[in-house]
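Let's take a walk through this structure together. Have a look at it below, and then we'll go through a few of its parts step by step.

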Amino acid sequence: MRDLTLPQNSTVANLMQRIPGVAIMLIICILGFALLSPDFLSMRNIANVGVQSAILLMISLPMTLVIMTEGIDMSIGAVLTFCGVVAAYVLGQTHNLPIAIVIAVGVGLVIGLMNGAIIVYANMPPFVVTLGTLGICQSLALILTDGQSLTDVGDSIGLAYNGHLLGIPLPIYFALISYLVSYVLLYHTRFGTYVCAIGGNRDALKLAGVRVNLHHVAVYAFSGVMAGVASILLTARMSAGHPTAAIGMEFDAIAAVIVGGTSFEKGNGWLFGTFLGVLTVGVLRNGLNLVGVQSSVQVASIGLLVLVALLLDSLKSKA
Amino acid sequence: MSNLIEELKNSSQLKNLFFRLLVVLIICIALSFLTEAFFTTNNLLNVLRQASLLFLLASGLTLVVLTAGIDLSVGANLGMSACLAALVMTNTGSTLLGFMAGIGCGTLIGFGNGLLVTALRLPSFIATYGMLWILHGITYYFMGGTTLGGFDKSFRFIGTGYLYGIPVPIYIMTIFIIAGSIFTKYSIYGQQVYAVGANPVSARLSGVPVNRRLMLVYVLSGLTAGLASLVFLARLNSAEGDIGETLTLPAIAAVLIGGTSLFGGVGSILGTLIGALILTLVLNGMNILTINGNYQALVTGVIIILSVFLDLFFRKKSNT
């Protein structure tokens, strides 16, 4: 039986075995783009990568937890989009930022709870439930906006993305706080221990008297809430609510988690790996942008990145 | 004894199909009461043609789902195959080469999916989901927002033509159903596909080459996507980068409504046809009742979740 007290991956040996995959790819990407583009290593661009990766990190962190429970959240890009549109809509109606934030996060929470409840209590495969939710949220975003951008959002929300504190852009704070919250949740609470155990041996956990279902639903609720919070940044970035803004972003998130070394089996997850994975995806996208590669090719290259990561993984496990 | 069990199993499958046909009938009756525009020869033929297009795409997917897998890349596969076929046809002027390009492209993508699932041992939804975005990326890159159109009349015949008053895609659909049913019910390959889906371990122990059968279903799913892409192309008479984007959810919905279980081993090609028919009727009904097209993905999403829920519900009931 698995050790329930701590995730296996926090042992030093495991860490050492894992670092290479992500870190090597990250370093290769950084070196490659530094050679290809002189602007890549400028302070401004480095800050850019950080700011651009903030939203991705905020949805990749809960994705890590979800995948650790042997699940998946295909809907997170669509939920992010829908919450962003809701925030813009509420802002247009009330011009009150706090209310918009509360409602957007609330919508995310409700969708996450619904995902979790259906998956856990009806015992349905996560990918199909969240695929259904993806369609539903995509539709809702289009219906709410009638396919147009909502641009009447006022100036206050733009600050969340463009503002600075002590010379550091605000999105970086958002990202760091999200990381800290996820870190504490996963490694320093009972909830985190249960998350690791749900993927490893759900039945044993149940037999131990843990209210597994509740914690399992909470994982998806966390995913929804984080999508809600990230949606504020998304709407702030564009100063508008756009109904297809983050469609497909779940792919970047899943890619970052896989590249970061979290596996689909047995709840082996690694939060810092996801952080590095997000940076790798962010650097790749930013660098390809600088070199002048279209965003459609960027998507394909992220797919390749995942393949390379998986190949490295299987080579390592054979060695 | 085993014969008797087999018969009972078959009859419960027949019952399921009958039940679904009843749903088709109810929707038809409801729609004819709701609007006069529904029960016209034109609209009914239109529904059948749309359903047949959806069925073509979903038929190969059914085989994948029978093995407890999924192929999320069918829509993107169709898009890429259609664009490649269009590119070849407009550049060479040869319909035959276009055909070969479309079918070859689809099959090759299916082969790639199969490799990811069998050699890399990836969960099928991750492998094919990654494939989806890779294909989207490549297709967008090569099309770059351009539209290719204006194909040969003989080519367009397979999408828009009529034979004895019935649209050609319906004939193609019929051929697919017969071939698919014979393959799944009467060939050893088909039976082994069911066995892999029901229990891969016992299938392997009984001497079924599990990986090769898995490879087979992904290749077939790619092949049908390639074939479907040609019919779609002929029907639309134009190819754009985003051609297959909105087709993945409906194809999955058609398979699931048709009674093929996501957990593998249960279902049929005929069921998928009825599933495609039900979904098309619903969407067509929404259309003629002038309900906003933005609701279509919502309805499809709800239907997907509901049909898996019902599948599980009835399984539990029959187990107790």
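In this predicted model, start with two helices of chain B: α4, which covers residues 95–118, and α10, which covers residues 210–236. Their axes lie 7 Å apart, and the helices pack at an angle of about 150°. What does that angle tell you about their directions? Angles over 145 degrees count as roughly antiparallel, so α4(B) and α10(B) are roughly antiparallel to each other. As α4(B) passes α10(B), the crossing is right-handed. And what sort of residues make up this contact? You'll find 15 nonpolar and 12 polar ones, with no charged residues.

Now hop over to helix α11 of chain B, residues 248–257.

Finally, zoom out to where the two chains meet. Chain B puts 28 residues into the contact, and chain A puts in 32. Which elements of chain B give two or more residues to the side that touches chain A? They are α5 (124–143) and α13 (296–319) of chain B. Sort the residues on that side of chain B by type and you get 21 nonpolar, 7 polar and no charged.

Note on methods: Residues numbered from 1 in each chain as written. Chains lettered and ligands numbered in written order. Predicted model: local features only at pLDDT ≥ 70, side-chain atom pairs only at ≥ 80, totals over all residues. Buried ≥ 20, exposed ≤ 12 C-beta atoms within 10 Å, placed from the backbone. Helix = DSSP H or I, 4+ residues; strand = E, 2+ residues; numbered from the N terminus. Axes fitted to C-alpha atoms, helices over the stretch in contact; angles between N-to-C directions. Parallel < 35°, antiparallel > 145°, perpendicular 65-115°, else oblique. Left-handed = near helix turned anticlockwise from the far one by under 90°. Nonpolar A, V, L, I, M, F, W, Y, C, P; charged D, E, K, R; others polar. Contact = placed C-beta atoms within 7 Å.
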